[in-house]
Amino acid sequence: MSLASEELRYVYAVCRPLDAPLAADLTGVGGEPPRQLAHEGLVAVVGPVPERDFAEEPLRRHLEDLDWLADTARAHQRVIAALTSVTCPLPLRLATVFRDDSGVRTMLQEGADRFRRVLERIDGCVEWGVKVHLESEDSARERSAGTSAPAPDKPRTGRDYLRQRRSRQTAQEEGRQRAEAFAQSLHEKLARRADDARLHAPQNSALSKAPGQNILNAAYLVPRVHSEEFVELVDGTKDEERESSGLRVELTGPWAAYSFTTDDPTAEEPAAGGTERSR
């Protein structure tokens, strides 16, 4: 069997024809440079990958290997980031693989209406992510003061213990209510300055490793030309009062419009994971 017949097509994204070339030294999955495959006004950015790793069965095994998955995700994102610097790509799921160029063209043909609709919606835009975290009272005090928080007085009686416990619970509930009100107000303010917005499920801190409870996890589709204003608006919320009260605002981006590649606002973004069967 020839080497060419052992190669599958890994598809990173769909976009319009590029106005500028990608960097000559750009590499993607497997260290291979991506190339453009054009079909009826659409372009799929693809790269060769070995069948021994990306056929259905070996790919399923690889996706359970966290090191392999992380390396592949970094290479995938490297290509998406390069595309984002020259166009507004529609990123595809991690490990979207087809048998050959013909399979990729079939994908472009069958999805042409949706691809064009989404590309029109995200044209000229990037995605910014905003998260609001509610830290514990001790963590917020430590970060604000730069020192360890003093330990609370030990209860001397059972009544003291119950009183302190009720007081902590009341303070925690009031803090959460203030955090939710702040997050809702911030989201509404940011959404008015964006072309579109998505609310994602709060992140599990045990998985994300981010300190505190995630209150807001949102994405905003913002025209590139207004990104500086958007960033300044977010930065304006990071005042001392918010910091000292245990609220932490986190801004990430700019990214490709991962959260806005579906027509269903409640759907998870396609780039979040999964595979496309080879065909």
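Strands in these legends are DSSP runs of E with at least two residues, and helices are runs of H or I with at least four, each numbered from the N terminus. The model shown is predicted.

**Figure 1. Glutamate 40 in the loop between strand 2 and strand 3.** Although glutamate 40 is not a glycine, its phi is positive, at about 50°. The residue counts as exposed because its relative accessibility is 52%, and the cut-off for exposed is over 50%.

**Figure 2. Alanine 95 in the loop between strand 4 and strand 5.** Alanine 95 also has a positive phi without being a glycine, here of about 65°. Its loop runs between strand 4 (90-91) and strand 5 (97-98). With a relative accessibility of 1%, alanine 95 counts as buried, whereas glutamate 40 counts as exposed.

**Figure 3. The cis peptide bond between glycine 253 and proline 254.** Omega is near 0° for the bond from glycine 253 to proline 254, which is cis. Proline 254 belongs to strand 9, residues 247-255.

**Figure 4. The aromatic pair of phenylalanine 54 and tryptophan 68.** Four aromatic pairs occur in the structure. In the pair shown, phenylalanine 54 and tryptophan 68 are tilted, with 5.4 Å from centre to centre and 50° between the planes. The two residues are 14 residues apart and link distant parts of the chain: phenylalanine 54 lies in helix 1 (residues 51-54) and tryptophan 68 in helix 3 (residues 66-84). Phenylalanine 54 is buried, at a relative accessible area of 4%, and tryptophan 68 is likewise buried, at 16%. Both belong to one aromatic cluster, together with Tyr10 and Tyr12.

**Figure 5. The aromatic pair of tyrosine 220 and phenylalanine 230.** The ring centres of tyrosine 220 and phenylalanine 230 are 5.5 Å apart and their planes stand at 50°, so the pair is tilted. Because tyrosine 220 lies in strand 8 (residues 213-223) and phenylalanine 230 in helix 9, the pair ties together parts that are 10 residues apart in sequence. Tyrosine 220 and phenylalanine 230 are both buried.

**Figure 6. The buried face of helix 9.** Helix 9 spans residues 227-235, and its buried residues are Ser227, Phe230, Val231, Leu233 and Val234. Viewed down the helix axis, these residues fall within an arc of 160°, so they line one face of helix 9. An α-helix has 3.6 residues a turn, so residues three or four places apart point the same way.

**Figure 7. The largest nonpolar core and the surroundings of tyrosine 12.** The largest nonpolar core contains 25 residues, and those with the most contacts inside it are Tyr10, Tyr12, Val29, Val45, Phe54, Ile80 and Leu83. Strand 1 (7-15), strand 3 and helix 3 are the elements that give two or more residues to this core. Helix 3 provides its largest share, six residues. Leaving aside residues up to four places away in sequence, tyrosine 12 touches residues that include Val29, Val45, Ala75, His76, Val79, Ile80 and Leu92. A second core of 23 residues is separate, and Val11, Leu90, Ala219 and Ala257 are among its members. In soluble globular proteins, nonpolar side chains tend to be buried together.

Conventions
Residues are numbered from 1 along each chain as its sequence is written. This is a predicted model: local features need pLDDT of at least 70, side-chain atom pairs count only at pLDDT 80 or more; totals for chains, interfaces and linings use all residues. Side-chain values use heavy atoms; hydrogens and water are left out. Buried means under 20% relative accessible area, exposed over 50%, partly exposed in between (1.4 Å probe, protein chains only). The arc is that of the directions from the helix axis to the C-beta atoms. Rings of Phe, Tyr and Trp (its six-membered ring) pair if their centres lie within 6.5 Å; planes under 30 degrees apart count as stacked, over 60 as edge-to-face and the rest as tilted. A nonpolar core is a set of buried Ala, Val, Leu, Ile, Met, Phe, Trp, Tyr and Cys residues joined through side-chain atoms within 4.5 Å. Contact means heavy atoms within 4.5 Å.
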